[in-house]
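Me: I've got a structure open and I'd like to talk it through. Can we keep it short and plain?

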Amino acid sequence: MSTRLTIPISEKDIRALHIGDQVLLSGTIFTGRDAAHKYMVETFIKNKCPSGERALYDVLKTGLKGGVIYHCGPVVRKREDGEYQFVAAGPTTSIREEPYQAAVIEHFGLRGVIGKGGMSEKTLAACQKHGAVYLHAIGGAATLIAGSVKQVVAVHKLDFGVPEAFWQIRVEDFPCVVTMDAHGQSLHEKVAADSKRKLAALLGK
Amino acid sequence: MPDITERVVELIKSASTDLSPDIEQALMAAKAAEAPGTAAEGALQTILENVRMSRTTGRPICQDTGTPLFYVWNPEGVSQRELLKQIRAAVRIATERAYLRPNAVAALSGKNSGDNTGIDFPTVHFEEWGHDYIQVGLLLKGGGSENCGAQYSIPSAEFEASRDLKGVRKAVLDAAHKAQGFGCSPGILGVGVGGDRVTSMLKAKEQLFRPLADTNASSELDALEKQLQREINELGIGPMGFGGKTTVLGVKIGELHRVPASFFVSIAYMCWADRRKVMTIKEGNVALLAAR
């Protein structure tokens, strides 16, 4: 029943998705939450990239083109061989990134944003305009999602702290649901409106 | 004076990594009720797989291991101060062993204490009781679900509600609608009616220790619990707010006396990862229970 998506994702594949579709995502993605979004907008988008930040900018420019950013503050373990391993990696609430997300989608050519709880009008409009979707991960499914992380490719800006750093990770069959599509539809708006009507009917009884 | 530190570490591990059977069975029933191939069914499938993986690997079900809320019932003559020290020590050990994520941050600076202890963290409620053994209840309450809690002072300017069962129903329906899927539905609602602002919410949280299948001692509250569960599920919010048949796994209501001037209805939202466990410690005999 699920659609398989592999990064880099084409605009055509994104436009074929609709709200409620289940997706299994594979490829290299980046985690990024509050500090990361603020950093991207202030360092790369609003201002000219300083030379010291150039290397990371190039990594992000390449990796996020047709790629995906994941709102997640993982629990990460450093193994005895020095490699990092994801232990628990469920989604965090996305709406905090609403002020930044549209600019990040446009600037980097993102095709997807993964998180929980959905986002608002600006992000929805950016998804429609630039060909991107919002992918809802299953809140609380931290062990299962960590299991879909097959490799930690690199970590950037670890000085933001473990939860806030950019973790560049290779995932296989990461399960999510399209809740905001590239056609201007939001499952969150739809469910909120439908349930409001039903609530009014119940209270009118 | 017994030392229960290691026992409490076991209790924390069990709560964090091994979902109680009644909750898991309710999630299975919820999955069976959804139409095959829907996002709601897929979400419940993922949730159930995650529950099994956590149990097998001994890893936390959710990375937000929440606020640890302890309820302790002790016999006469057992020092609550000593028990508090032991519980705080157990929380530190459980954090080192990664059953808990370091989750206690200073209110204003946000600085993480690193070991899950801090000012009134973990929260421990004590009660002396008539039995000759200690009972410890633990609820690990995640932040996302806690943010979906609500408290109503009735009559409310926001909507018309009366100071009776009908008003309680309106308040709970309103809170469930506002929560949508944000608290990681399907959740469990604990409701406190009466009391003051603190005791009302405390009563609401205590309801979360009840088994899902129990019966309320008050027949009118029992009827309201069942009615609200049915009606909230009729809202169609569904697992994770994807739309679907199950939005709550249960509604549990407790009441307490109030002053004539106040009528509080408090709602504590617990996510599907309803991490609650109860342990009894009688000399060397330790028993773990899913609920009390």
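Me: Is B:Met240 buried or exposed?
Reply: B:Met240 is buried, with a relative accessible area of 3%. Keep in mind that this is a predicted model.

Me: Why does 3% count as buried?
Reply: Because buried means under 20% relative accessible area, and B:Met240 has 3%.

Me: Where is B:Met240 in the chain?
Reply: In a loop of chain B, between α8 (219-234) and β6 (248-256).

Me: What is phi for B:Met240?
Reply: Near 55 degrees. That is a positive value, and the residue is not a glycine.

Me: Which residue has a positive phi of about 45 degrees?
Reply: B:Gln180, which is not a glycine either. Its loop lies between α6 and β5 (187-194) of chain B.

Me: And is B:Gln180 buried or exposed?
Reply: Buried, at 7% relative accessibility.

Me: New topic: cis peptide bonds. What joins B:Phe121 and B:Pro122?
Reply: A cis peptide bond, with omega at about 0 degrees. B:Pro122 belongs to the loop between α4 (80-96) and β2 (123-128) of chain B.

Me: What about the bond from B:Ile154 to B:Pro155, cis or trans?
Reply: Cis, and omega is near 5 degrees. B:Pro155 sits in the loop between β4 (150-153) and α6 (165-179) of chain B.

Me: Let's zoom out. Which domains does the assignment give for chain B?
Reply: Domain 1 covers 5-15 + 61-142 + 275-289, and domain 2 covers 144-270. Taken over C-alpha atoms, the centres of the two domains of chain B are 26 Å apart.

Me: How many residues make the contact between them?
Reply: Domain 1 of chain B gives 14 residues and domain 2 of chain B gives 13.

Me: How much area do these two domains bury between them?
Reply: About 1000 Å², with 65% of it on carbon and sulfur atoms. On the domain 1 side, B:Tyr71, B:Lys141 and B:Arg276 supply 55% of the area buried against domain 2 of chain B.

Me: Which residue forms a salt bridge with B:Lys141?
Reply: B:Glu146 does, with the closest N and O atoms 2.7 Å apart. The count between the two domains of chain B is one salt bridge. There are also seven residue pairs in polar contact between these domains.

Me: Which element gives the largest share of the domain 1 side?
Reply: β3(B), with five residues. The elements giving two or more residues to that side are β1 (67-74), β3 (134-141) and β8 (275-282) of chain B. By class, the side has six nonpolar, three polar and five charged residues.

Me: Now the two chains. How many residues does each put into the contact?
Reply: Chain B puts in 35 and chain A puts in 36. Together they bury about 2900 Å², 65% of it on carbon and sulfur atoms.

Me: Which residues of chain B lose the most area there?
Reply: B:Arg59, B:Gln63 and B:Phe242, together 23% of what the chain B side buries.

Me: How many salt bridges are there between the chains?
Reply: Zero between chain B and chain A. Polar contacts between chain B and chain A do occur, in 16 residue pairs.

Me: Which helix supplies the largest share of the chain B side?
Reply: α3(B), with ten residues. Elements supplying at least two residues include α3 (39-57), α6 and α8 of chain B. The chain B side divides into 15 nonpolar, 13 polar and seven charged residues.

Key. Residues numbered from 1 in each chain as written. Chains lettered and ligands numbered in written order. Predicted model: local features only at pLDDT ≥ 70, side-chain atom pairs only at ≥ 80, totals over all residues. Heavy atoms only, no water. Domains from an automatic or database assignment. Contact = heavy atoms within 4.5 Å. Buried area = accessible area lost by both parts, 1.4 Å probe. Salt bridge = Lys/Arg side-chain N within 4 Å of Asp/Glu carboxyl O. Polar contact = N/O pair within 3.5 Å; in protein donor to acceptor, adjacent residues only side chain to side chain. Helix = DSSP H or I, 4+ residues; strand = E, 2+ residues; numbered from the N terminus. Nonpolar A, V, L, I, M, F, W, Y, C, P; charged D, E, K, R; others polar. Buried < 20%, exposed > 50% of the residue type's maximum accessible area, 1.4 Å probe, protein only.
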